[in-house]
Amino acid sequence: MGLRTPVQYRDGLRDGRRVFYRGATVDDVVTHPELSPAVDHSALCYSIAQDRPDLAVRTDDAVGDYSAFYHLPVSPADLRERGALIEEVSRRGAGTIVLKEVGSDALFALLRAGDGEGLEAARAFYRRVLDEDLALAVAQTDVKGHRALGPSQQADPDLYLRVVDSDAESITVRGAKTHTSFSANADELVVLPTRAMGPADLDYAVSFAVPIDTPGLSLYVSPYAAGERDAFSFPLSSKHKLLESLTVFDDVRVPRDRVFLERRPELAGPLALAFVDYHRFTAVNYKLPLLDIIVGAAHLVAEANGIERAGHVRDKIARLIAWAETVRGLAELSALRAREGAQGVWLPDPLAVNMAKYTFAHGFHEATATLVDLAGGLLATGPGHEDWENPQIRAVLEKYYAAAVPAEQRLRILNFIGDLTARDYGGYQSVLATHAEGSLEAEKMQIARSYDPAAATGYVRRLAGL
């Protein structure tokens with residue numbers, strides 16, 4: 001098939017998938033008034049191949065043209081180019097991840113950490129993804145139940161996804177995954193284990209891929225950012241949205257040629273961590289435009305309010321710049337320090353990746369608080385688009401909300417910051433900063449795990465005469 005267009009991507013979503021949203025069944029995610037913005041947002045990963053083929057298209061003698069999102073990294077240069085592609089598509093998506101980034105993270109993990117028949121199945125699936133230019137969602141996080149208990153210890157065995165039957169042709173799985181981004185508007189779903197597992201967790205060590213319209217698969221989409229939105233009051237969330245779901249497997253049958261891991265608990269942890277290596281690299285690169293948004297918004301709102309020369313404002317903006325550029329530098333460092341992994345698949349430096357992600361997440365809430373501080377109370381009490389569209393009311397607003405810039409310019413930047421920080425989309429971004437691609441504690445664990453203290457301790461031993 002080769003590279004698809006945005007129209008072909010949208011047409012591919014019209015099948016028999018079971019999607020539920022706000023208590024009702026969704027007949028067509030492409031035309032649903034509250035879900036279609038998410039489809040349009042994800043279509044950016046297809047349109048970028050049309051106007052930036054230098055960045056988004058690769059060519060292979062055996063495959064022909066294929067999406068650069070799926071180019072297997074075999075050098076530091078490949079990872080630097082991948083980071084540039086992720087940053088650019090995120091810039092088009094207003095600092096939010098788009099679609100193909102996550103699925104390709106999963107493919108790289110499977111091709112690096114897989115083994116035996118599972119690895120061969122992953123290689124065949126990877127070739128199909130290239131040939132058909134598929135969009136993949138990833139279901140990794142189990143619902144987990146009682147967090148102090150492992151998969152096989154839960155009172156309800158379905159709180160982690162598990163194999164309930166198998167034969168020569170297939171396996172059958174039951175359970176649920178949560179926080180599944182893009183599931184309702186992807187072509188296929190890749191399932192990965194969520195954690196390390198022991199011998200008692202045999203049935204829970206499973207990885208596979210299925211089409212979204214597979215019988216028994218149901219998607220319950222989160223209602224965050226629900227309702228119609230106008231571009232004046234909601235300049236970000238009216239255009240950019242992700243669909244997150246509770247993803248339920250009700251005795252889903254998976255053909256064996258789509259099974260990448262079955263009942264091998266010793267491989268569950270390495271596969272989960274291999275995905276993290278790539279997914280956090282994706283995270284820090286797609287966050288770079290968001291960092292620019294925060295710094296740029298701080299400058300513009302300070303100018304609009306006439307406070308840009310105040311000493312405390314210059315100090316706050318300098319702190320934002322230092323935070324943003326530290327994350328950017330660490331993201332670049334992670335590619336420069338890339339290393340070769342199993343099967344010849346390269347990975348970004350885990351230490352630098354996790355330092356970048358931790359630095360972003362740790363500083364995000366202070367950064368948005370700074371934006372709120374610089375903006376002022378109109379984030380909560382300012383007018384909406386209905387008032388602005390009424391000529392009589394607009395005249396009043398233009399008179400009384402003018403500052404160092406005209407009222408319209410001031411209100412638009414305030415609404416932009418309000419959407420980003422103070423409304424439901426802002427709450428969503430706050431949760432993403434804390435938990436998406438791994439929590440702060442998970443990142444600290446990986447930082448400690450990735451750092452080899454031998455050189456530092458050896459140096460001190462020599463200096464101290466130990």
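Glu441 is partly exposed, with a relative accessibility of 49%; here buried means under 20% relative accessible area, exposed over 50%, and partly exposed in between (1.4 Å probe, protein chains only). This is a predicted model, in which local features need pLDDT of at least 70 and side-chain atom pairs count only at pLDDT 80 or more, while totals for chains, interfaces and linings use all residues. Residues are numbered from 1 along each chain as its sequence is written, and side-chain values use heavy atoms, with hydrogens and water left out.

Glu441 forms a salt bridge with Lys444, their closest N and O atoms being 2.9 Å apart; the term denotes a side-chain nitrogen of Lys or Arg within 4 Å of a carboxyl oxygen of Asp or Glu. Both residues lie in helix H17 (residues 440-450), three residues apart, about one turn of the helix. Helices (H or I, at least four residues) and strands (E, at least two) are DSSP runs, numbered from the N terminus. Lys444 is likewise partly exposed, at 35%.

A further salt bridge joins Arg128 and Glu188 (2.8 Å, N to O). Because Arg128 lies in helix H7 (residues 116-132) and Glu188 in strand E8 (residues 188-191), this pair ties together parts that are 60 residues apart in sequence. Glu188 is buried, at 2% relative accessibility, whereas Arg128 is partly exposed, at 27%. The whole structure holds 40 salt bridges, and Glu87, Arg91, Asp292, Glu325 and Arg328 are linked in a network of them.

Helix H3 (residues 44-51) has six of its eight residues buried, and is therefore largely enclosed by the rest of the structure. The buried residues are Leu44, Cys45, Tyr46, Ser47, Ile48 and Ala49.
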